[in-house]
Structure formats: C-alpha cells, structure tokens
Amino acid sequence: MSLPKDDDATLSARWSQGVLLKRDVFSTVERGRFRADDGEVEGVLRRLDQVPFWSFAVALHLFSRERRALTLARDLDVGPKLLWAGRRALVRGFIDGAALHLAKPHGDVAYFRSAKAALRKLHRAGICHNDLAKEQNWLVGRDGRAYLTDFQLAACFRSRSRLFRIAAYEDLRHLLKHKRSYAPEALTPKERKVLAKKSAVASVWLKTGKKVYQAITRGIFNFTDREGGGRRLVNDAPVLVDLIRRNPDVRDTAIVAFADRRVGVGLYAFVEADQSALEKTLRSELAAAKGVKPPEHIQIVHALPRDAAGKPRTEILQLVAMNQIDLIEPMMRSDADREFLKDILEQRKNLRDRFNFEVAEMDRLAR
C-alpha cells in the first residue's frame, strides 16, 4: 500500500533514510534526517506504506492516536517533538538517549524523579500514554532525564473525567513498577500503596480484555513484541542458543534481534570463542539441525561484555546489531567495556543498513 502523493512528495524532498528501527504489521519505523524549516535535524519516521491490507485499519487508528497526542504534547519537552505529520506518515524528533531496558538506570533516583515530573506534565495536558508497562517506551536521555515515546495507544481527554483519572493512575502505577525494578529503595510509602492496588478497570482488563488482545495480536496478527524482537527472538533464539553452545569451542553466546529491510526481524548471534574461523562451522551445524532459521549474522568475539553478575550485557549487543553505535558510549562503564567496543566495531556484520555518521565519530567511539 503506497503513501498518498502529498506524503510521498514531502518525504522525498525532506527525509534522508537511515537505520531501520522496527517493522511490524502496524508500521515501519526508521531513524534518519529531516529537513525542517530551520535546518536539518535527526528524526524518527513512522510510515504505513508497508503495512499489510488486513491490519491497515488498526494501523491507521494507532497512527491517528499518536499524531494527535504528539500534536498536543509538542511543547511539553517530555517526548519527541512532532516535526511533520501527513495522512499516513509522520516524523518526530530524535531523542538522544537509550530505552529503559537498554540503559538500566539502577539506583538512579534523579531519573525516576524526572520521569514522574514528565508524566505529571503529560497528564496536565490531558494526555494519558496507556502503554508505559513497556520499558522500551521510556527513554533515558543523554542528559539523564526521562522521556516517553511511542504514543500509538495514547488517549487525549478534554476534561479530567473518571476514565482519564483511571488511565492516569495506571500510567503512574506502571512507572512505579519500573522504579521498583531499578530503584526500589527510593519508593515512598504512598508509592508502595499505588503499586499494591490496581484500578478495577486494570484488574478486569488483565482477566478478560488482555487475553482477547493477545489472542488477536499473537494469533491473528502473528505479532509478539518482546523489546521489539518479535516471534523470532521469543521462539527461535533460545533454540539457537542451545545449538550454538553445544559446540565445544564456544564458551558462551547471546542473541539479539534487529530490524531488517528484507526479512522484517533478523537475529544477530554474538559468540564468545577464540577461533575466528568458527563462524563457518557454526553455520553448517545450524543449517544441518533444521527446524529453525539460522541467525542472519554470527560474530565471533573474544569476550562478551558482562554486568556485575556475569551476565552478557545484551543492551550493548542490541545497539551494535541495530547500528545505533552513537548510543553506546554513555553505557561504557569500564576499560574492559571500551576494549570490547573497539574490537566489536571493527568486526561487526550488520553494515548494510546503518546511519550515516561521520567517520571521525566512529573512530572516537572505537577508541
């Protein structure tokens, strides 16, 4: 399904394609550059021209909700600024930061203080986000502040009706769930009471509506969104990890998902081993196993980046796979992390779909 002529003309003249961030049955999202009235800026484009016909009505509804919410929130500075909106495409500003599940702000009380302030500003404008249970919809800006993104399920209210108050309460409760995960010691007694009490609407939704929603999205639409990874990350990755670890030369492996212009969602396997020639062997073994499609990319690394508990830092690997290299630097916590980054950037596989950063910037990050 093609874009309307006016949408297509505007994007052809003002949009420079960059990294594909996500593609599903509801939209295609990519990062690039947009020529605004006051100059070229980084932006994020959502477009509906590659949505299948059977999900288009739902996709258009979600798109319309996001467009309206971003229009109302344009000057709040709590989310991406709406740069341009057409009938089936829109461009929002790029926020320099990483999603909550990637940044993992453990113990960062200031971040959650700013998150609560951002939510308060949004609610004062009559906007409820309605999808804040997902960590990927919370961003940790490079400035340390909290920002919200992905307003497809947002609802805009003209008054503080009972429905508004319920939706606002659930927005807050979901924020506090994240605070409990990353800064539990900072929860106040009042916040703990909010966490302990779901609204009646939420309780009913969990018992009835959510099951119907999952049956439709996962069954009819074949849609699963675990950190943007889809069904391949949920179903295929665990099988592939088990198969790869059977090779005696493999010490460990981690698999992350990335958006791919040809296949929709691709898998990228980072394999900790000493033999760089092991990739060919692993591809043969995975092909012979059948039953599950091998990863699009396999990269042999001398050491996976690890957290204090020794687990692979998949948040870093995720950004490498998605070619969002500029977002990695703030997450480097040690010389070992920086050494890993230098090694992995020199050998990384997914170079076909990447953002056009200056070579000097790439060199700086690799040092």
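A: Buried means under 20% relative accessible area, exposed means over 50%, and partly exposed lies in between (1.4 Å probe, protein chains only). This is a predicted model, where local features need pLDDT of at least 70, side-chain atom pairs count only at pLDDT 80 or more, and totals for chains, interfaces and linings use all residues. Residues are numbered from 1 along each chain as its sequence is written, and side-chain values use heavy atoms, with hydrogens and water left out.

Start with Glu66. It is buried, with a relative accessible area of 0%. Glu66 sits in helix 2, residues 56–72. Helices (H or I, at least four residues) and strands (E, at least two) are DSSP runs, numbered from the N terminus. Leaving aside residues up to four places away in sequence, Glu66 touches Arg46, Leu90, Arg92, Asp150, Phe151 and Gln152. Contact here means heavy atoms within 4.5 Å.

Follow one of those contacts, Arg92. Arg92 belongs to strand 5 and is the bridge partner of Leu82. Strand 4 (residues 82–85) and strand 5 (residues 89–93) run antiparallel, joined by 3 bridges. Two strands pair if DSSP finds at least two bridges between them. Strand 4 and strand 5 make a hairpin, with 3 residues between them.

Now take Asp37 for contrast. Asp37 is exposed, at a relative accessible area of 79%. Its place is the loop between strand 2 (27–36) and strand 3 (39–47). Along the chain, Asp37 and Leu83 are 46 residues apart, yet 9.6 Å separates their C-alpha atoms.

Glu272 has Val301 as its bridge partner in strand 13.

Last, the nonpolar core. Such a core is a set of buried Ala, Val, Leu, Ile, Met, Phe, Trp, Tyr and Cys residues joined through side-chain atoms within 4.5 Å. The largest has 68 residues, and those with the most contacts inside it include Leu122, Trp138 and Ile328. Ile328 touches Ile316, Leu319, Val320 and Leu341, not counting residues up to four places away in sequence. Another core lies apart from it, with 20 residues, among them Leu243 and Val250. In soluble globular proteins, nonpolar side chains tend to be buried together.
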